[in-house]
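Hi,

Here's the structure I promised to send over. Have a look at it first, then read my notes below.

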Amino acid sequence: MSRRQTDPLRPLSDDQRSALAQLSRGQVAPAVEVARAEILPAVAAGDDSQQAARVAGRRPGDAVSHLVARFDVEGTAALTPRHGGGRRPTYDPQARARIAAAAAREPTPERDGTATRSLSTLRRTRRAAPDGLPRASTDTLRRVLHESGSSDRRTGTWCPTGEAPRRRKAGPVVVVDPDAEAKKS
């Protein structure tokens with residue numbers, strides 16, 4: 001015999017019911033979201049948590065009652081998985097933007113001690129900056145730059161992917177690849 005529900009599911013609106021039905025039939029959505037979309041209508045139909053979990057092919061447990069409680073608060077946003085474990089990101093989006101902006105500027109020998117770009121130079125300048133990141137590692141910087149769309153494969157320097165500096169007779173010019181976004185994915 002199952003326990004009495006402490007947080008029953010609120011009545012589903014027509015929009016929510018159709019969104020759940022569409023998601024549960026979908027072929028592209030992640031399996032976790034499909035299973036959650038199958039569980040909620042079963043609970044709304046009167047099934048208890050264990051029966052609803054079995055309907056979706058999941059093991060019975062407290063996960064269904066937690067999903068119901070989240071759905072009551074968040075709506076269909078409760079279907080998407082949250083952070084599933086592991087270390088949380090060290091730096092917030094503003095700090096990541098500062099890292100990308102610092103990598104985009106050209107290093108100067110007076111300020112940076114070198115005229116070439118490198119992750120260790122970036123690390124040193126970020127640690128010493130007034131708004132800096134005192135514990136920034138080169139690995140963290142490399143990951144942040146990679147996530148922002150920069151690459152160092154060809155030249156060993158961090159520059160925006162899809163743009164390449166070239167020397168021409170008339171002087172230096174930046175060549176932009178129009179298919180860069182398509183090649184990234």
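Which residues of helix 1 are buried? They are Gln16, Leu20 and Leu23, where buried means under 20% relative accessible area and exposed means over 50%, with partly exposed in between (1.4 Å probe, protein chains only). These three cover an arc of only 70° around the axis, so they sit on the same side of helix 1; the arc is that of the directions from the helix axis to the C-beta atoms.

Before going on: this is a predicted model, where local features need pLDDT of at least 70, side-chain atom pairs count only at pLDDT 80 or more, and totals for chains, interfaces and linings use all residues. Residues are numbered from 1 along each chain as its sequence is written, and side-chain values use heavy atoms, leaving out hydrogens and water.

Back to helix 1. Helices (H or I, at least four residues) and strands (E, at least two) are DSSP runs, numbered from the N terminus. The buried residues of helix 1 pack against helix 2 (31-44) and helix 4 (63-74), while Asp14, Asp15, Gln22 and Arg25 are exposed on the other side.

Next, the strands. Strand 3 (residues 163-168) and strand 4 (residues 171-176) run antiparallel, joined by six bridges (strands pair if DSSP finds at least two bridges between them). A hairpin of two residues connects strand 3 to strand 4, and Arg166 stands opposite Val173.

Finally, Arg126 is in helix 7 (residues 119-128). Arg126 counts as buried because its relative accessibility is 10%. Leaving aside residues up to four places away in sequence, Arg126 touches Arg98, Ile99, Ala102, Asp131, Gly132 and Leu133, with contact meaning heavy atoms within 4.5 Å.

Cheers
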